[in-house]
Structures are given as structure tokens and as C-alpha cells.
Amino acid sequence: MSSSHNNYVFETSQGKIILDKGNENTYRNPRNTDVFQKNHIEEIMNDVLETYLAHLVHSAAVCKELCLILSEEIKLRVEALHMNRFRIICNVCIGETAGQSVLVASRFLWDESRDNFSTSTFKNQSLFAVANVFGVFKE
């Protein structure tokens with residue numbers, strides 16, 4: 001018996017018999033790409049927020065654009081971790097530090113056994129930032 005790419009080939013005294021493999025089992029053993037790397041993602045978010053915001057003074061116009069840039073930067077770095085079984089969603093909020101309190105909340109339809117998230121915060125003299133990365137498991 002030999003195996004070609006899509007078929008099994010058996011050689012008998014009467015000639016060759018070719019059997020189509022058809023659809024093979026698609027079960028995969030869990031790998032590192034199937035695990036949400038929460039701690040590594042927090043390190044990425046902390047690094048990005050610190051790098052971009054350490055010496056920045058709050059300006060509404062600048063922070064509006066910076067939210068998009070930071071969100072995309074974090075998402076690209078997280079996607080480089082090759083967690084292919086997760087849909088990555090990144091959200092960054094930046095606001096002015098003016099003695100007020102802020103509550104940031106998110107709601108999802110969630111599978112607690114597979115889906116996960118990671119959060120990072122940053123604060124300097126004039127602004128604060130909250131970054132969230134959600135990993136929603138793709139079936």
C-alpha cells in the first residue's frame with residue numbers, strides 16, 4: 001500500500017486499486033496557538049501605551065487619532081503571536097485627567113470556557129488610557 005496526496009493506492013496481483021481518502025478527521029490537538037496568551041498581551045499593551053503616551057499632554061484632537069493608532073498597533077502586535085483560533089478585538093480609550101472618575105465597560109456574548117480578554121491602564125500628569133484586547137474563539 002502506498003499513499004498519494006489525495007488517495008490510497010493498493011497494488012494487488014490483479015492490478016492497482018485506488019481509494020479516495022475523502023474527508024479526513026479535522027480534530028486538532030490543542031497547541032499554543034489555541035491558548036489566549038493573556039500575560040504576553042498585557043506586556044504588549046503596557047509597552048505600546050508607555051511608548052506613545054509617556055510624555056504626551058492631553059489634546060482632544062490628538063487623542064482622538066491616537067486611539068485609532070494605538071488600537072491598530074496593539075492589534076498588529078497581538079496578531080503576531082499567531083493565535084489563529086481567536087478573533088482579536090482591540091479597544092483603546094484616552095481621556096483627560098481632571099480629578100474625575102471614569103468607568104469603562106464592555107459587553108459581549110461570551111463563552112467563558114474559550115473566550116478571554118486582557119486589560120492595561122496608563123496614567124500620566126494630564127491623561128489616562130485604558131486598552132482592552134478581547135480574544136473570541138473561532139470554531
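The legends below describe close-up views of a predicted model.

Local features require pLDDT of at least 70 and side-chain atom pairs pLDDT 80 or more, while totals for chains, interfaces and linings use all residues. Residues are numbered from 1 along each chain as its sequence is written, and side-chain values use heavy atoms, without hydrogens or water.

**View A. Alanine 131 in strand 6.** Alanine 131 belongs to strand 6 (residues 127–137); strands are DSSP runs of E with at least two residues, and helices are runs of H or I with at least four, numbered from the N terminus. Its relative accessibility is 0%, so alanine 131 counts as buried (under 20% relative accessible area; exposed is over 50%, partly exposed in between; 1.4 Å probe, protein chains only). Asparagine 91 is 40 residues away in sequence, yet the C-alpha atoms are 5.7 Å apart. Alanine 131 also touches Met45, Leu49 and Ile74, among others (heavy atoms within 4.5 Å).

**View B. The pair of phenylalanine 86 and phenylalanine 137.** These two rings form an edge-to-face pair, with 5.4 Å between centres and 80° between planes (centres within 6.5 Å; planes under 30 degrees apart are stacked, over 60 edge-to-face, the rest tilted; Trp is represented by its six-membered ring). Because phenylalanine 86 lies in strand 4 and phenylalanine 137 in strand 6, the pair ties together parts 51 residues apart in sequence. Both phenylalanine 86 and phenylalanine 137 are buried.

**View C. The cluster around phenylalanine 134.** Ring pairs join Phe108, Trp110, Phe117 and Phe134 into a cluster. Phenylalanine 134 counts as buried at 7% relative accessibility, whereas phenylalanine 108, at 38%, counts as partly exposed.

Note on methods
Lists of a residue's contacts leave out its neighbours within four places in sequence.
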